[in-house]
Amino acid sequence: MEPNEICYLTIAETAAALRRKDISPIEIIDALINRIKVIDGKLHSFITLTADLARQQARQAEQELRSGTDRGPLHGIPIALKDLYMTKGIRTTCHSAVLENWVPDIDATTYTKLREAGAILLGKLGMHEFAFGGPSIDAPFPAVRNPWNADHVPGGSSSGSGAALAARLCYGALGSDTGGSIRTPSSHCSVVGIKPTYGRVSRYGVVPLSWSLDHAGPMARSVEDCAMLLQAIAGFDAKDPASANVPVPNFHAALKAGIKGRRVGVPRAGWFDENLGIDRQTETVFNQSLDMLKSLGAIISDIDGKPFSIARKANQTILVCEAYAYHEKTFQETPMKFGTSVRRRMLEGAFLSAADYLTAQRARAVLNEQITANFAKVDVFAVPGAARPPEAFAAMDPNEQNLRPNFTNPFNLTGLPAISVPSGFTDGNLPAGLQIVAPPFQESTGLQMAYAYEQATEWHTRRPTL
Amino acid sequence: MDQEISLDGLRKMAERAGLKLPEDELQGLLPGVNRSKKQATELRGLVAAGNEPASTFDLAGSARQ
């Protein structure tokens with residue numbers, strides 16, 4: 001198999017090829033590292049490449065598989081981590097000068113679980129500084145670029161995860177999502193990402209942005225791959241105070257059940273037209289994806305979008321207060337170590353009151369009830385992955401994001417599982433995503449619908465020209 | 001909040017919070033702070049006296065550690 005063809009495989013395809021002995025874990029690592037060296041200079045998706053460790057782990061995987069020890073579908077599969085997942089003995093920067101040379105002495109639970117499943121660590125990925133603000137243009141590491149057009153943003157904050165996957169530089173990645181940071185880069189880079197239910201996946205060893213809104217989750221190039229990664233990292237963890245002790249179903253087994261008769265609610269009225277409203281091309285792509293779901297047997301209906309629209313205010317208030325509280329000491333001692341974008345946003349939290357924060361948490365309870373009440377009428381919600389195509393770096397306007405509907409952060413506020421799947425392209429070959437949101441702990445329902453849509457379309461098979 | 005925070009007000013609030021921020025930084029912060037305050041204030045219309053915060057102390061969670 002040609003090295004680039006190896007890189008183009010999905011996790012599921014690679015797992016099968018490994019067991020057929022068509023390829024070896026070492027060949028895979030060599031192919032990916034060579035590709036990273038050739039391509040990543042213009043994308044900057046990796047901050048740290050762990051080539052030696054990856055080769056060592058690949059040799060171990062090869063020996064184990066040869067001797068009949070099979071740890072499952074991730075055995076021998078290279079993955080990469082957003083650079084806020086703590087890795088013992090490996091620099092974890094959060095893309096910030098504040099932690100530029102920080103080497104943690106623990107592993108994140110999710111990384112431990114991936115290692116136990118036999119996955120290989122290829123490296124640590126670029127992101128928005130501390131998972132907040134915009135592209136980090138004044139951080140010690142360059143801002144990540146979009147593989148579909150390097151003049152455009154890849155979306156964030158898990159920007160390196162989205163870009164590396166789209167560029168075929170790794171097979172799977174972990175992102176984190178506090179207001180859309182898994183789903184936005186998934187949408188902007190035409191890959192798949194799932195923000196699981198709050199509590200489903202451990203946050204232990206993930207540098208916090210906002211304790212009550214942070215979610216850890218997987219990103220990959222297919223829904224099936226995402227389901228396999230989620231399977232490996234989901235489950236109760238006593239080290240995470242928010243971890244939910246609920247059974248973990250077999251996500252992969254549920255994928256092919258079909259969606260005939262599934263009721264899809266679209267919260268359009270009162271939300272999609274908020275302020276500047278959704279970008280028209282993005283809305284056209286979204287409407288086409290609804291037509292596809294309908295043709296597959298889903299029943300589409302409208303639900304009230306107003307509570308979803310208000311959710312942004314509560315999400316942002318809680319986020320800046322919790323983020324500032326976490327970073328307060330650094331802001332008091334060395335505020336200018338933060339990049340401009342994240343500093344300006346986080347400092348807003350210093351000037352809100354305890355009453356502001358608690359009112360937002362009270363509003364959260366109210367909005368959660370209003371939003372989840374819709375599940376009496378529909379099985380899932382469908383919304384775009386983002387309100388507009390990825391913007392050009394040269395035209396970035398930090399204020400504009402507040403003038404468009406935010407299609408992701410209501411599901412951080414409510415903790416609902418939400419998956420973004422590639423759903424087409426707008427002018428300039430810029431990707432769009434379809435987001436499916438399911439009831440709490442029903443990731444399988446969302447994965448099932450996303451899988452049916454993905455298999456009926458060809459968007460996920462397209463590759464950027466690099 | 002009925003009125004916007006002024007630059008002078010922001011400077012005093014920053015000092016109370018133990019923040020030493022240059023003047024141009026305070027100026028850059030001001031629009032975002034006022035937007036955040038306005039947003040937080042708007043949420044007050046959504047809650048009734050009986051609504052408790054979504055985050056509550058979880059004693060059962062503490063016990064399992």
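Colleague: How far apart do the C-alpha centres of domain 1 and domain 2 of chain A lie?
Modeller: The C-alpha centres of the two domains of chain A lie 22 Å apart. This is a predicted model, in which local features need pLDDT of at least 70 and side-chain atom pairs count only at pLDDT 80 or more, while totals for chains, interfaces and linings use all residues. Residues are numbered from 1 along each chain as its sequence is written, and chains are lettered from A and ligands numbered from 1 in the order in which they are written.

Colleague: What makes these two domains of chain A?
Modeller: The domain assignment (automatic or from a database) gives domain 1 as 3–255 and domain 2 as 260–444 of chain A.

Colleague: How many residues of the two domains of chain A are in contact?
Modeller: In chain A, 53 residues of domain 1 are in contact with 47 residues of domain 2, contact being C-beta atoms, placed from the backbone, within 7 Å. On the domain 1 side, α7(A) gives the most, with six residues.

Colleague: What makes the 145 residues a nonpolar core?
Modeller: The 145 residues form the largest nonpolar core, so they are buried Ala, Val, Leu, Ile, Met, Phe, Trp, Tyr and Cys residues joined through C-beta atoms within 7 Å. Buried means that 20 or more other C-beta atoms lie within 10 Å of the residue's own. Helix α10 (residues 306–333) of chain A gives the most to this core, with eleven residues. This core draws at least three residues from each of domain 1 and domain 2 of chain A.

Colleague: Which residues does I79(A) touch?
Modeller: I79(A) is among the residues with the most contacts inside the core. Leaving out residues up to four places away in sequence, I79(A) touches residues including L114(A), I120(A), C170(A) and A173(A).

Notes. Helices (H or I, at least four residues) and strands (E, at least two) are DSSP runs, numbered from the N terminus. A residue is buried if 20 or more other C-beta atoms lie within 10 Å of its own, exposed if 12 or fewer, and partly exposed in between; C-beta atoms are placed from the backbone.
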